[in-house]
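Here is a short briefing to read alongside the model.

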Amino acid sequence: MIADPTLSHWHILGAGAIGGLWALRLHSIGCRVTLVERAPLSPERHLQLTDNSHTSCHDFPVVAANAAILPLSPLLITTKASDTLAALTPLLPRLNAGDTVLLLQNGMGIDDWLRQQRPDLQILTAITTDGVFRPTRDHLVMAGHGETLIGGDTAVEQEAALQIARQWQKTGEAVQAVADIQRRRWQKLAINCAINPLTTRYRCCNGALLDMPEALFAMQSICAEVAVVMRLEGHPASTASLFDAACAVARQTGTNTSSMLADVQAKRPTEIDFMNGHIVTMARKHGIDTPANARITAEVRALHPHPAGSN
Ligand code: PAF
């Protein structure tokens with residue numbers, strides 16, 4: 001497909017499973033897409049997606065994060081939250097005031113950090129329930145088509161989210177701009193906080209948590225604390241609604257290995273600081289303790305050395 005110059009030229013930082021998926025989807029509707037990497041292994045990456053029996057592929061140009069590549073906007077960030085600061089820091093001086101940055105990743109906290117560093121950027125956030133895994137670095141396999149929600153905090157950002165959602169809908173995927181993205185991100189965070197670290201504690205698939213009374217008790221304690229923090233942050237939430245939602249997702253994704261357990265098994269840093277660790281940090285800001293989240297955060301952090309000085 002020949003790139004349509006009237007469509008956005010997307011730059012994607014962190015083309016793993018979700019980033020690679022959106023690279024191929026955006027290419028399929030005629031967008032130019034460039035991958036941005038900290039240390040590119042080659043000037044091009046051949047990404048391939050298998051979706052049922054259909055395969056699509058493309059060679060994408062790759063540029064180094066510290067090379068002079070302007071303009072970078074719109075920039076889609078799909079790095080794992082734990083890798084984002086290191087990946088994004090060299091790009092910050094290359095972003096211009098008003099540039100659009102869309103964060104599509106698990107966990108919370110990176111958008112706050114980015115707003116502090118660069119209040120002049122247009123920062124949007126997104127969540128997705130798309131399921132995709134990578135048997136090899138550049139081969140993506142679609143596990144299930146989900147929904148992607150995009151939003152911003154100001155009226156201008158919401159308008160930008162709407163424009164992006166309209167463009168992304170051309171891929172045929174379920175994409176929506178929503179006015180309450182922060183509430184939805186908190187709900188997703190609650191589900192991740194209740195499932196991911198416990199699959200690590202019990203070394204089990206998501207669904208197995210539902211068969212263990214001690215795991216269910218821990219899920220409930222985590223949800224109760226998240227609900228308190230959510231309410232303090234201005235988002236309505238109850239222990240029961242978060243616990244029920246977490247149980248439903250654990251059931252729906254019953255045979256999945258959670259992303260956190262996959263990280264632990266592969267000896268990679270986990271996203272615990274951007275999930276339960278974020279709850280602990282936000283709770284402290286409000287002057288309260290969240291012992292269940294603090295305990296599981298410490299437990300998961302102990303599995304992998306974290307850089308000195310981080311949370
Ligand atoms: O991070 C994950 O693994 C997923 O967000 C979820 C929902 C827990 C399913 O595995």
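Is R203 buried, exposed or partly exposed? R203 is partly exposed, with a relative accessible area of 48%; buried means under 20% relative accessible area, exposed over 50%, and partly exposed in between, with a 1.4 Å probe and protein chains only. This is a predicted model, in which local features need pLDDT of at least 70 and side-chain atom pairs count only at pLDDT 80 or more, while totals for chains, interfaces and linings use all residues. Residues are numbered from 1 along each chain as its sequence is written, and side-chain values use heavy atoms, with hydrogens and water left out.

**Around the ligand**

- The residues surrounding the ligand are N106, K188, N192, N196, N206, V249, T253, N256, S258 and S259; a residue counts as near a molecule or strand if one of its heavy atoms lies within 4 Å of it.
- Sorted by class, this shell holds eight polar residues, one nonpolar and one charged. Ala, Val, Leu, Ile, Met, Phe, Trp, Tyr, Cys and Pro count as nonpolar, Asp, Glu, Lys and Arg as charged, and the others, Gly among them, as polar.
- Helix α5 (residues 181-202) gives the largest share of the shell, three residues. Helices (H or I, at least four residues) and strands (E, at least two) are DSSP runs, numbered from the N terminus.
- S259 has a side-chain N or O atom 2.6 Å from an oxygen atom of the ligand.
- For N196, a polar side-chain atom lies 2.9 Å from a ligand oxygen atom, and for N106 the corresponding distance to an oxygen atom of the ligand is 3.2 Å.
- On its own the ligand has 280 Å² of accessible area, and the protein covers 82% of that; accessible areas come from the Shrake-Rupley method with a 1.4 Å probe, and for residues only the protein chains shown count as cover.

**Helix α4**

- Helix α4 covers residues 155-169, and its 15 residues should span 21 Å at 1.5 Å a residue; the end C-alpha atoms are 21 Å apart, which agrees. The expected span of a helix is 1.5 Å times one less than its number of residues.
- E157, A160, A161, I164, A165, Q167 and W168 are the buried residues of α4.
- Seen down the axis of α4, these buried residues fall within an arc of 160°, so they line one face of the helix. The arc is that of the directions from the helix axis to the C-beta atoms.
- An α-helix has 3.6 residues a turn, so residues three or four places apart point the same way.
- Turned away from the buried side of α4 is a face that carries the exposed residues A155 and V156.

**Helix α1 and what follows**

- The twelve residues of helix α1 (residues 17-28) reach 17 Å from first C-alpha to last, close to the 16 Å expected at 1.5 Å a residue.
- Helix α1 is mostly covered, with eleven of its twelve residues buried; among them are W22, R25 and H27.
- Just after α1, G30 takes a positive phi of about 95°.
- C31 sits in the loop between α1 and β2 (32-37), and C31 is buried at a relative accessible area of 1%.
- C31 and S73 are 42 residues apart along the chain, and their C-alpha atoms are separated by 13 Å.

**Strands and their residues**

- T148 belongs to strand β10 (residues 147-151) and is buried, with a relative accessible area of 1%.
- The side chains of T148 and T128 are joined by a polar contact of 2.9 Å. A polar contact is a pair of N or O atoms within 3.5 Å; within protein, one must be able to donate a hydrogen and the other to accept it, and residues adjacent in sequence count only if both atoms are side-chain atoms.
- A64 is part of strand β4 (residues 54-64) and counts as buried at 18% relative accessibility.

**Backbone points to check in the viewer**

- R203 has a positive phi of about 50° although it is not a glycine, and R203 lies in the loop between α5 and α6 (213-232).
- N52, also not a glycine, has a positive phi of about 55°. N52 is in the loop between β3 (44-51) and β4 and is exposed, with a relative accessible area of 75%.
- The peptide bond from S73 to P74 is cis, with omega near 0°, and P74 lies in the loop between β4 and β5 (75-77).
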